[in-house]
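Dear colleague,

I am handing over the structure below, and my notes on it follow. Please read them with the model open beside you.

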Amino acid sequence: MAKIVTFSGSVRVGSVNTALLNSAAAFATAAGHEVDAIDLGAAQLPLYDGDVQANHGIPMAAQAMAERIASADGVLIASPEYNGGPSPLLKNTIDWVTRVEMTLFAGKHIGLLAASPGGGGGAHGLGIVTQIFTYMQCDLHDETFTLPKAFEVIADGEVGGDDADRLSAWVDAYVAHL
Ligand SMILES: Cc1cc2nc3c(=O)[nH]c(=O)nc-3n(C[C@H](O)[C@H](O)[C@H](O)COP(=O)(O)O)c2cc1C
């Protein structure tokens, strides 16, 4: 059994990215793995600023988050696509937790997911996230999972139909590499 940490780059109520991530987590749990879901909204991290760190230190919430990530074998991350990139919440979180430990994500098996209302499924945004995690020398899962037309295929907070089968197969391949 492996331990997988999850976090979503959207804390919006009704977020399709969080719904997609939770559906993926449910498949991982059903396969016998331990999932630790981090709620980025609860952390309330300030926008990263070197002066904030110098004057107040690294927020306790970032330190706690970094500990949970450090103890995991893998990380599943969903991010909305904002103007072709990831959400600022996701980038800000990555920046704070890597102040705790620069190599926090190095060698970890990272799976990236995105959902969007349009036909692109958030693929552009994940391109940038892929660059970030490649830079940090992670063991990136070779395929990202994108969900186009997300508001049409998510019902009651769950991915349905053919996309659920596609997601289940993707999670199987991801956990096989843990
Ligand atoms: C500032 C901003 C920029 C956006 N840019 C894109 C974009 O580049 N591509 C895209 O597919 N959707 C874009 N969207 C729409 C988001 O995909 C949509 O709001 C989505 O529901 C956000 O994810 P969430 O439901 O998980 O919060 C953008 C939304 C916002 C607020």
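**Notes on the model**

Leu 147 is placed in strand 6, residues 145-147, where strands are DSSP runs of E with at least two residues, helices are runs of H or I with at least four, and both are numbered from the N terminus. This is a predicted model, in which local features need pLDDT of at least 70 and side-chain atom pairs count only at pLDDT 80 or more, while totals for chains, interfaces and linings use all residues. Residues are numbered from 1 along each chain as its sequence is written.

Leu 147 counts as buried, with 23 C-beta neighbours inside 10 Å; here a residue is buried if 20 or more other C-beta atoms lie within 10 Å of its own, exposed if 12 or fewer, and partly exposed in between, with C-beta atoms placed from the backbone. Once its neighbours within four places in sequence are left aside, Leu 147 is in contact with Leu 20, Ala 115, Gly 121, Val 153, Val 159 and Asp 163, contact meaning that the C-beta atoms of two residues, placed from the backbone, lie within 7 Å. The C-alpha atoms of Leu 147 and Ala 123, which are 24 residues apart along the chain, are separated by 8.7 Å.

The largest nonpolar core has 46 residues, and those with the most contacts inside it are Leu 20, Ala 24, Ala 28, Val 75, Leu 76 and Leu 113; such a core is a set of buried Ala, Val, Leu, Ile, Met, Phe, Trp, Tyr and Cys residues joined through C-beta atoms within 7 Å. Helix 1 (residues 16-30) gives the most to this core, namely eight residues. Leaving aside its neighbours within four places in sequence, Leu 76 is in contact with Ile 4, Thr 6, Leu 21, Ala 24, Ala 25, Gly 111 and Leu 113.

Helix 4 (residues 60-70) packs against helix 5 (residues 88-100) at an angle of about 80 degrees, with the two axes 9 Å apart; axes are lines fitted to C-alpha atoms, for helices over the stretch in contact, and angles run from 0 to 180 degrees between N-to-C directions. That makes helix 4 roughly perpendicular to helix 5, a term for angles of 65 to 115 degrees. From helix 4, Ala 62, Gln 63, Met 65, Ala 66 and Ile 69 meet Trp 96, Val 97, Arg 99 and Val 100 of helix 5.

Within helix 4 the buried residues are Ala 62, Met 65 and Ile 69. Seen down the axis of helix 4, these buried residues fall within an arc of 65 degrees, so they line one face of the helix; the arc is that of the directions from the helix axis to the C-beta atoms. They pack against strand 1 (3-8), strand 2 (34-38), helix 2 (40-43), strand 3 (74-78) and helix 5.

Some loop residues also deserve a note. Ser 71, in the loop between helix 4 and strand 3, is exposed, with 10 other C-beta atoms within 10 Å, and its C-alpha atom is 9.0 Å from that of Ile 4, although the two are 67 residues apart in sequence. Gln 44 lies in the loop between helix 2 and helix 3 (50-56) and has a positive phi of about 50 degrees although it is not a glycine; Gln 44 is exposed, with 9 other C-beta atoms within 10 Å.

Best regards

Methods
Angles under 35 degrees count as roughly parallel, over 145 as roughly antiparallel, 65 to 115 as roughly perpendicular and the rest as oblique.
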